[in-house]
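Hello,

Here is the structure I promised to hand over. Please look through it first, then read my notes below.

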Amino acid sequence: MVDQQQSDQQQEAVPGVVELNVGGIFYTTALTTLTRESNSHLAALFSGKVPVEKDAKGRYFLDRDGVLFRYVLDFLRNQALVLPEGFREKERLKQEANYYGLPGLERAIQENKFSSTTGKRLTGCITVGYRGSFAFGREGLADVKFRKLSRILVCGRVTLCRDVFGETLNESRDPDHETSDRYTSRFFLKHSSIEQAFDMLQEQGFKLVGSCGSGTAGGNSEQPKPGTDAEENRWNHYNVFVFVRD
């Protein structure tokens, strides 16, 4: 009974308009917004079930990412998620959604494929290419990786490329000095797993519509460059795959 009375007192103490300090960034919102998802951890924080600290100015303090909290509030207010073009912190935002106990927000992040300006899913084409070879080891023994990929290249509209590949996208060869509406043929991935790249495209709703390859140079009699394995040089090839989301 005493615990229930303390809980009721704390709940009554939370005003209808709540001032927040989230990781050093200040917000003002309605109590009904914070408690909209009644089963969430965030609702528990402001319904007397869990104590909440205050800062020196009397604002409720949450030791979380203050910048990403704006998207948490937007989702609670609108029951919809709209991310800016080129948003690159989906994994961190999913972590925040998980902490606040908002599975609906987690699903919205996973499924988000829409333009922040039109509200429609971004459509377009992404081309993935790679140069590779085959390694057989000494005297044909497979004592090394059979397939060798030097680099996976990504070409297309910058917004789409970022949306699909996120933090695995290496933009060092094409720094962001223009708008995200531009096109590029200079991005590449930070990993060398072509299957991982294909999985990421499939998860984002892209379909393979075409491909081509140079084949291998098994009969190539040209002398390899110094330091190049002659056997691997015979099997060099380049493949390109075109994916579309409409």
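A search of the whole structure finds zero disulfides, a disulfide being a pair of cysteine sulfur atoms within 2.5 Å. Cys125 is in none, and the nearest cysteine sulfur, in Cys155, is 9.3 Å away. Cys125 is partly exposed, with a relative accessible area of 34%. Cys161 is buried, at 0%. Its sulfur sits 7.6 Å from the closest cysteine sulfur, that of Cys155, too far for a bond. Here buried means under 20% relative accessible area, exposed over 50%, and partly exposed in between, with a 1.4 Å probe and protein chains only.

**What you are looking at**

This is a predicted model, where local features need pLDDT of at least 70, side-chain atom pairs count only at pLDDT 80 or more, and totals for chains, interfaces and linings use all residues. Residues are numbered from 1 along each chain as its sequence is written, and side-chain values use heavy atoms, with hydrogens and water left out.

The protein has nine helices and nine strands. These are DSSP runs numbered from the N terminus: helices are H or I with at least four residues, strands are E with at least two. Of the 246 residues, 39% are buried. The accessible surface is about 14,300 Å², and carbon and sulfur atoms hold 49% of it. Those areas come from the Shrake-Rupley method with a 1.4 Å probe; for residues, only the protein chains shown count as cover. Take the contacts between residues at least 6 apart in sequence: 63% of them join residues at least 24 apart. A contact means heavy atoms within 4.5 Å.

**The cores**

The largest nonpolar core has 29 residues, and Leu20, Leu42, Phe46 and Phe69 touch the most other members. Several elements each supply at least two of its residues, including β1, α2 (31–34), α3 (41–45) and α4 (69–78). The largest share, six residues, comes from α4. A second, separate core of 22 residues includes Val154, Phe187, Leu189 and Phe206. A nonpolar core is a set of buried Ala, Val, Leu, Ile, Met, Phe, Trp, Tyr and Cys residues joined through side-chain atoms within 4.5 Å.

Back to Leu42. Leaving aside residues up to four places away in sequence, Leu42 touches Leu34, Leu62, Val72, Leu76 and Tyr100.

**A hairpin and an enclosed helix**

Strands β1 (residues 17–22) and β2 (residues 25–30) run antiparallel, joined by six bridges. Strands count as paired if DSSP finds at least two bridges between them. Val22 stands opposite Ile25 in β2. Two residues separate the strands of this hairpin, and Gly23 in the turn has a positive phi of about 60 degrees.

Helix α7 (residues 158–165) has eight of its eight residues buried, so it is largely enclosed by the rest of the structure. Just after α7, Gly166 takes a positive phi of about 50 degrees.

**Two loop residues**

Gln79 lies in the loop between α4 and α5. Its phi is near 55 degrees, a positive value in a residue other than glycine. Gln79 is partly exposed, at 42% relative accessible area.

His191 is in the loop between β7 (183–189) and α8 (194–203). His191 is buried, at 17%. Its side chain reaches the backbone nitrogen of Ser193 at 3.1 Å. Not counting residues up to four places away in sequence, His191 touches Ile152, Thr168, Gln196 and Ala197.

Best wishes

How values were computed
A polar contact is a pair of N or O atoms within 3.5 Å; within protein, one must be able to donate a hydrogen and the other to accept it, and residues adjacent in sequence count only if both atoms are side-chain atoms.
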